[in-house]
Amino acid sequence: MTSRRAEVDDPLGLEHAREPRFGSPDEVGAALAANRYLADPQTASVVFLADRLVKPVLVEGKTQLGKTVADALGARLIRLQCYEGIDESKAIYEWNYRKQLLRIQAGQAGSDAALDWHELEGDIFSDEFLLTRPLLEAIRATEPVVLLIDEVDRVEVETEALLLEVLSDYQVSIPELGTLTATQLPLVFLTSNNTRELSEALKRRCLYLHLGYPDVDRERAIVLSRVPGISAALAQRIAEVVRTLRTLDLRKAPSVSETLDWARTLVVLGRDELGDEDVADTLHVLLKYQSDVEKATKELLGNRA
């Protein structure tokens, strides 16, 4: 008789295919910090639970978490970049039709007897002619894998349902080959920019994590950890300025990655502090629209600009 604890620990009945990656949320936080990602307790806890409960993580707004988890684990990162119109042939698998055609032509040319179609069909619908895409690649991998499905909110509802089917059972059914089941379970991260509402079915399947903007102290710490050679004073001032800009009505508020780009730019320019002229000369690195640059310049520099 299967115990309730076993059902919780192995909800998919795939214990042979999984081993815990982390011993505790604190271990997750330490592993991410060692790879220069400063995770808050909630983020570390969600990653830990995703591993233990065999659930994908739906992250609103960021892609760096999945990449850093892969680095921390020494795992292979497999990325599916979603876009409008993506389908099964680009997400899961397709047959190499050109190679199949060449095989058929070679079989016809090299045989004096009538072509045995059933034998040829078994030949051309084999692994040799299968083109694996990210989802199937992650399912079939024998080494540790982190699967990043980026911007899942860009796909159509039908494709979202297709992704959900694969992630629910960690298997892919190919009519010509049968069902291919995972030999190890990838750790899965899906990201969304919330451009459309995702289905309730997908949300139920995932653990949800919203990664908002960090406060000034955390962003300062992130800058110090990710930008070699930057002074503490400059990191502090950058974090304060970015925090101010995010309170404005901008077309696109600066992300953490853009904060880091700005910080690296100022270091390359040899700055230890952030003066008015530095702000005026480099805001285009931080902001992506001229209207935002003008609004920010007016807010930060006023009549000094």
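This is a predicted model: local features need pLDDT of at least 70, side-chain atom pairs count only at pLDDT 80 or more; totals for chains, interfaces and linings use all residues.
How much space lies in the largest pocket? The answer is about 770 Å³. Residues are numbered from 1 along each chain as its sequence is written, and side-chain values use heavy atoms, with hydrogens and water left out.

Let me begin with the pocket and the cavity. Rolling a probe the size of a water molecule over the atoms shows where empty space is left. The search runs on a 1 Å grid over the protein atoms alone: a cavity is a set of points where a 1.4 Å probe fits but cannot get out, a pocket is an open set with protein on both sides within 12 Å along at least five of seven lines, and lining residues have an atom within 4 Å of a point. Grid points are joined across faces, edges and corners, and a volume is the space filled by probe spheres set on the points.

The largest pocket has 28 lining residues, and those nearest its centre are Tyr 37, Lys 62, Gln 64, Val 256 and Ser 257. Two or more lining residues come from each of helix 3 (41-53), helix 4 (64-73), helix 11 (216-226) and helix 13 (256-268). Helices (H or I, at least four residues) and strands (E, at least two) are DSSP runs, numbered from the N terminus. Helix 13 gives the most to this lining, with five residues. By class, the lining holds ten nonpolar, nine polar and nine charged residues. In that division, Ala, Val, Leu, Ile, Met, Phe, Trp, Tyr, Cys and Pro count as nonpolar, Asp, Glu, Lys and Arg as charged, and the others, Gly among them, as polar.

Helix 13 also contains Asp 261. At 34% relative accessibility, Asp 261 counts as partly exposed, where buried means under 20% relative accessible area, exposed over 50%, and partly exposed in between (1.4 Å probe, protein chains only).

The largest cavity holds about 60 Å³. Eleven residues line the largest cavity, and the closest to its centre are Arg 21, Ala 50, Asp 51, Val 54 and Pro 186. Helix 3 and strand 8 (187-192) each give two or more residues to this lining. The lining of the largest cavity divides into seven nonpolar, no polar and four charged residues.

Strand 8 leads us to the strands. Strands pair if DSSP finds at least two bridges between them. Strand 5 (residues 145-150) pairs with strand 8 in the parallel sense over four bridges, with Leu 147 opposite Val 188 in strand 8. Strand 2 (residues 76-81) and strand 5 are also parallel, over six bridges, and here Leu 80 stands opposite Ile 149. Six of the six residues of strand 5 are buried. Val 145, Leu 147 and Ile 149 point one way from strand 5, and Val 146, Leu 148 and Asp 150 point the other way. In a regular strand the side chains alternate between the two faces of the sheet.

An antiparallel pairing joins strand 6 (residues 171-174) and strand 7 (residues 178-181) over four bridges. A hairpin of three residues connects strand 6 to strand 7, and Gln 171 has Thr 181 as its bridge partner.

I turn finally to the aromatic residues. Rings of Phe, Tyr and Trp (its six-membered ring) pair if their centres lie within 6.5 Å; planes under 30 degrees apart count as stacked, over 60 as edge-to-face and the rest as tilted. The count comes to two aromatic pairs. Tyr 93 and Trp 95 have ring centres 6.5 Å apart and planes at 85°, so this pair is edge-to-face. Trp 95 and Phe 125 have ring centres 5.1 Å apart and planes at 85°, so that pair is edge-to-face. The second pair links distant parts of the chain: Trp 95 lies in strand 3 (residues 93-95) and Phe 125 in the loop between helix 7 (117-124) and strand 4 (130-132), 30 residues apart. Tyr 93, Trp 95 and Phe 125 form one aromatic cluster. Tyr 93 is buried at 10% relative accessibility, and Trp 95 is buried at 5%.
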